[in-house]
Amino acid sequence: MSVILARKIVKNYHLGEVDVPVLKGIDLDVEKGEYVALMGPSGSGKSTLMNILGCLDVPTSGLYSIEGRPVSDLTEDELAEVRGRRIGFVFQTFNLLARTSALENVELPLHYQGREARQAAMKALESVNLAHRYDHHPNQLSGGERQRVAIARAIVTDPAIILADEPTGNLDSKTGKEILEIFENLSLKGVTIVLVTHDPSVAKHAHRVVHLKDGWIERVEEVRARTAPRANSVVETP
Amino acid sequence: MFFVRAFKVALTALSANKLRSTLAVLGIVIGVGAVIAMVAMGKGAQVKIEEGITKMGVNMIFVYPGAVSKGASGAKTSSAETLCLEDCDAIAKIEHVAAVAPEVRRTYQIKYMNRNEAAQVIGTTPSHLQIRNFSVEHGAYFDKSAILGRLRVCVMGASIARKLFGGIDPIGRMIQIDRKNFQVLGVLEDKGGDSWVGLDDSVYVPVTTALHRLFNRRHLSQITISVDTQENIDSTMNLVDDEMMKQHKIKGKAEPDFLVRSMNEWRQRAAESTGALTVLLMGIALVSLLVGGIGIMNIMLVSVTERTREIGIRKAIGAKRRDILKQFLIESMTISLLGGTLGIAFGVALAQIIPMLPVWKQMSNGGEWQSVISPWSIVVSFGFSCFVGIFFGLYPAVKASRLNPVEALRYE
């Protein structure tokens, strides 16, 4: 079953009187456990597609469903629910809450679902090798460590997909590599990952690279075959 | 659990900008403090005035000359000449009347040697002593024979005696009232504090002397009656009214030419006006609380703008509108709750300090005007500050909750 199923996704932005088309009809399927990279020059619409895939935004037209559940016509709060439970975000700029410890940052998505979070959050931090830094605040952590906290926050809810937007863009190449390794490990454990990048060396870690241009999918490149997942999930739901 | 965590989040957010948060809290502290202190001062005035009235004696009924049209706000103690000594004698025979004293008043220059003081001269009878709850400190009061003989004798209030004689013993000495010599028989006890009633500043002479040898008139300024017990005041008032009607031969629908009032009515009037004063003071103070609320709204709006990105992050990881709304509402409520709590302490402290200030002592005539902290002012001001926190926090919180997550995340 496709985790992501997108058909004829169109997104227009209103700029004054005119509608500017950003996505002109995207069809995309992502299977469970797949690792997909979205590539394209700036202005190609990859961020917009990412926002729609992440339920942060809704398409102007077209069908989008996650795990078989159509989400293109959900209300704002229903979208928030989907984001909280089924999607994990990793951003280029980490987007951790300052003045909040690593552990509390990771706990937050579970808190919004009204769930007890401490144990699951510790486990998620362990899986990115940061358990020993749980009480550090973001400004006490290095860039790589911050991104690992962000990944822990993304996986703590055991989501259907992890959406990573240029996750190595703000890191030096060595730390970037470490982060990509974490994604690779998550992929091996069966987590579905969609990663946006403009860096071919990052994209080559994926199973499949989707090239976007001017709001269309230009071509799809199969990089390597999927290996069988080692485990079903990273974090068991408590 | 939820509230503990939410409160912690709010405190963390507020402590990120300590000066700004402190100023917002201060606005509420001053507002709540002002309400409590102002009401305490107003209540103090009320208590003070009631004390004064009680000191004057609570079982009193007054008869004033002249009529007052119904519904008028104040008693018109006009100089209409309708009351006379015969009325006193008639009233004295009424059941439950313990004592009756006529009063006739005028202000004169009082002279002793080369000293000169303006004082109220009150012509009355020895019953006055009993009715007004006075006792003679020194010497004696004039008796019935002085009244029958229209003698030129007087008894002095403590305050005027001090002013006129200084350290000298006034008993037996002669003072001049309207260039006529009067012998001082006694000095009354010092009632103190009632300067607005002026009893300590008055000179008392036999009523007949006052009428015939000083004022040259035949009519009284008022008749003061004391009733045996408080329960009988209302019934006695009616009897006095009836008796006066009979004495003055007023029948049917004719307007009476006198007015009967009880001390209770005076006390109620005083309570009404000081109550109005208290409400006015509280209203002014509530305005400052409102201004404090606007301060909260101001910093919350700034805070929402500054934390647009944080709101975006929270929404991206699953926060719903109501989660964001709650977060910001709890934050503004935290400000108002903190402000309210500190404001109670501030107001209570202020209510203690104000009566001690020299300026206030001067204003309140010797510093006996104390503040009385009323529990309901604490409840009202604290409740109002909570309301202010919610009311003025609502708009910024709604604004925050409606932010578009994509735009919020893009915000630099």
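A nonpolar core is a set of buried Ala, Val, Leu, Ile, Met, Phe, Trp, Tyr and Cys residues joined through C-beta atoms within 7 Å. I wrote this down before anything else, and I also noted that the model I am looking at is predicted.

**Entry 1: the cores**

I looked up the largest nonpolar core, which has 127 residues, and found that Leu38(A), Ala152(A) and Ile162(A) are the ones that touch the most other members. To this core helix 2 of chain B, residues 18–55, gives the most, namely 15 residues. I then followed Leu38(A) and, leaving aside its neighbours within four places in sequence, listed its contacts as Lys46(A), Leu49(A), Met50(A), Val194(A), Val196(A), Val210(A) and Leu212(A). Another core, of 54 residues, lies apart from the largest one, and among its members I noted Met60(B), Cys88(B), Leu188(B) and Ile223(B).

**Entry 2: helix 1 of chain A**

Just after the helix I found Cys55(A), which takes a positive phi of about 60°.

**Entry 3: chain A as a whole**

For chain A I counted seven helices and 10 strands, and its C-alpha atoms fill a box of roughly 50 × 35 × 35 Å along the principal axes. How does its radius of gyration stand beside that of a compact globule with 238 residues? The globule would have a value near 18 Å and chain A has 17 Å, so the two agree. Buried residues make up 48% of the 238 residues in this chain, and of its contacts with a separation of 6 or more, 69% join residues 24 or more positions apart.

**Entry 4: chain B as a whole**

Chain B comes to 14 helices and 10 strands, and its C-alpha trace spans about 105 × 55 × 30 Å along the principal axes. Its radius of gyration is 32 Å, whereas a compact globule of 412 residues would have one near 22 Å. I noted that 41% of its 412 residues count as buried. The domain assignment gives domain 1 of chain B as 2–53 + 268–410 and domain 2 as 81–256, and I found their centres, taken over C-alpha atoms, to be separated by 54 Å.

**Entry 5: strand 8 of chain B**

All five of the five residues of strand 8 of chain B, 202–206, are buried, so I put this strand down as largely enclosed by the rest of the structure. Strand 3 of chain B, residues 115–124, runs parallel to strand 8 and is joined to it by five bridges, with Thr124(B) standing opposite Pro206(B). Strand 5 of chain B, residues 153–156, pairs with strand 8 in the antiparallel sense over two bridges, and here Met156(B) stands opposite Val203(B).

**Entry 6: where the chains meet**

Finally I checked the contacts between the chains, and found 14 residues of chain B in contact with 18 residues of chain A. On the chain B side, helix 10 (308–316), helix 11 (321–353) and helix 14 (405–410) are the elements that give two or more residues, and helix 10 provides the largest share, four residues. I sorted the residues of this side into seven nonpolar, two polar and five charged.

Methods
Residues numbered from 1 in each chain as written. Chains lettered and ligands numbered in written order. Predicted model: local features only at pLDDT ≥ 70, side-chain atom pairs only at ≥ 80, totals over all residues. Rg over C-alpha atoms; globule rule 2.2 N^0.38 Å. Buried ≥ 20, exposed ≤ 12 C-beta atoms within 10 Å, placed from the backbone. Contact = placed C-beta atoms within 7 Å. Nonpolar A, V, L, I, M, F, W, Y, C, P; charged D, E, K, R; others polar. Domains from an automatic or database assignment. Pairing = 2+ DSSP bridges.
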